[in-house]
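Q: Could you take a close look at the aromatic pairs in this structure, and explain where the partners sit?
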Amino acid sequence: MDFLTIIQVLDSTIRLATPLLLACLAGLFSERAGIFDIGLEGKMLFAAFFSAAIAYMSGSVWLGLLAGIASSMVLSGLHGVASITFRGNQLISGVAINFLAAGMTVLVAQDWFSQGGRTPSLSGAARFEGITWPGALTRIRDIQEAGPLMQVYSELISGHSILVYLAILAVPATWWTLYRTRFGLRLRAVGENPAAVDTAGVSVVGLRYAAVAICGVLCGIAGAYLATALQAGFVKDMSAGRGYIALAALIFAKWRPWYALMSTLLFGFLQAVALRPDLIENTVGVKVQVQLLDALPYILTVIILAGFVGKAIPPRAGGEPYVKER
């Protein structure tokens, strides 16, 4: 395996890890505030459909992005009303959102476009294109003949869509928000001891709704990335379990932003390797079934959720509705 091949695999890793990272950070805000959200999958799927549909009909990927964020926030609002206002079971609410999104996206897509539950392919201004950085090479032949540093710059750093760079910047932004601002301190306190926050005169309900709204925005961007950047349109169930993988990555990261980046890159790497089974065969000399490689991220998800990888302690008030004492 030559150096350029390694860089190309890492390039695919970043692209595939981006929706996982955004969804993982979304779950981080929500669960840090004490609201467990299994509905990440459904929000991503909902946002993927509406972003692709609006981008196609308007010809503007930015309007598609806004539509994806708005649709995700609608589901976040439903989850917030069910789990915060009516103090319902948060897990059931999240599962219901997943079912709702899986059914509605196909139904509406068929009604709007009559293409078997998918949208027409996106092109031009209706999808996010890669950004070529100054001085970066674009021709494959030039990249192959360039030195290692130029290969890293041209293939790994340059050429991604704006949402990839936004996702990476969201990591330090999340860390700063949670650990260096008053809002972040109160948000983390709500997930640990909401009664103490309420006693201090801060609205527990308001903070939890704010966290759920942030979760909706990030899931909306993740879904829009799937349909308008990673792929060129919406297809049925295109989130493909990424919301559940993001939850596993969040547990693996122990609800910390920088660890979330590393854990999602790990899952992205497994997905990237699954796309290049020839690399395993050429490196190890053993032919591996493609189906096994495709299953690796999900196998790791099961291992993590089963509690075999370290001990992850969630926020103490997570999953528990807050009832104000009178």
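A: In this predicted model, the structure holds ten aromatic pairs. One of them joins Y56 and F113 edge-to-face, with 5.8 Å from centre to centre and 80° between the planes. Because Y56 belongs to helix 2 (residues 40–58) and F113 to helix 4 (residues 90–113), this pair ties together parts that are 57 residues apart in sequence. The two partners can also be described by their accessibility: Y56, at 41% relative accessibility, counts as partly exposed, whereas F113, at 13%, counts as buried, since buried means under 20%.

Another of the pairs is formed by W62 and F128, which are likewise edge-to-face, with 5.1 Å centre to centre and 90° between the planes. Here, too, distant parts of the chain are linked, for W62 lies in helix 3 and F128 in the loop between helix 4 and helix 5 (140–145), 66 residues apart. W62 has 47% relative accessibility and counts as partly exposed, while F128, at 6%, counts as buried.

S71 itself is found in helix 3 (residues 61–85), and with a relative accessible area of 7% it is buried.

Notes
Residues are numbered from 1 along each chain as its sequence is written. This is a predicted model: local features need pLDDT of at least 70, side-chain atom pairs count only at pLDDT 80 or more; totals for chains, interfaces and linings use all residues. Side-chain values use heavy atoms; hydrogens and water are left out. Helices (H or I, at least four residues) and strands (E, at least two) are DSSP runs, numbered from the N terminus. Buried means under 20% relative accessible area, exposed over 50%, partly exposed in between (1.4 Å probe, protein chains only). Rings of Phe, Tyr and Trp (its six-membered ring) pair if their centres lie within 6.5 Å; planes under 30 degrees apart count as stacked, over 60 as edge-to-face and the rest as tilted.
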